[in-house]
Amino acid sequence: MLKRLNRAPNDVALQYDAARWLIDHGHPDEGIQWALKIVAAQPKHKAANHLLATYYEKQGKQGLANFYRVQAESP
């Protein structure tokens with residue numbers, strides 16, 4: 001995945017895959033940074049917003065979880 005990201009650093013699909021993998025494999029801080037990078041560039045990116053909402057909900061940060069959930073559900 002790192003090689004693919006190096007070849008295509010602006011590929012949002014790869015960035016999302018990296019974020020998800022990092023969170024799922026015990027590197028949540030790095031994964032969240034990737035997800036935040038995605039939503040900074042594309043605020044309505046449903047998958048990244050959903051990933052952030054789920055993560056923050058598990059952390060007990062309901063305000064952040066709700067914010068990203070609303071973003072994920074908006075058209």
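In the predicted model described here, S74 is buried, with a relative accessible area of 15%; buried denotes under 20% relative accessible area, exposed over 50%, and partly exposed the range in between (1.4 Å probe, protein chains only). Residues are numbered from 1 along each chain as its sequence is written. Because the model is predicted, local features need pLDDT of at least 70 and side-chain atom pairs count only at pLDDT 80 or more, totals for chains, interfaces and linings use all residues, and side-chain values use heavy atoms, with hydrogens and water left out.

S74 belongs to the segment that follows α5; helices (H or I, at least four residues) and strands (E, at least two) are DSSP runs, numbered from the N terminus. Not counting residues up to four places away in sequence, S74 touches K44 and K46, where contact means heavy atoms within 4.5 Å. The side chains of S74 and K44 form a polar contact (3.3 Å). Such a contact is a pair of N or O atoms within 3.5 Å; within protein, one must be able to donate a hydrogen and the other to accept it, and residues adjacent in sequence count only if both atoms are side-chain atoms.

In α5, the buried residues are A65, Y68, Q71 and A72. They cover an arc of only 130° around the axis, and therefore lie on the same side of α5; the arc is that of the directions from the helix axis to the C-beta atoms. These buried residues pack against α3 and α4, whereas G63, V70 and E73 are exposed on the other side of α5.

The largest nonpolar core contains 16 residues, of which I32, L51, L52, Y56 and Y68 touch the most other members. At least two residues of this core come from each of α2 (12-24), α3 (28-41), α4 (46-58) and α5 (62-73). With six residues, α4 gives the most to this core. A nonpolar core is a set of buried Ala, Val, Leu, Ile, Met, Phe, Trp, Tyr and Cys residues joined through side-chain atoms within 4.5 Å. With neighbours within four places in sequence left aside, I32 is in contact with I23, L52, Y55 and Y56.

A further buried position is Q15, with a relative accessible area of 3%, located in helix α2. Apart from neighbours within four places in sequence, Q15 is in contact with L5, P9, N10, W34, K37 and I38. Between Q15 and I38, the separation is 23 residues in sequence and 7.2 Å in space, C-alpha to C-alpha.
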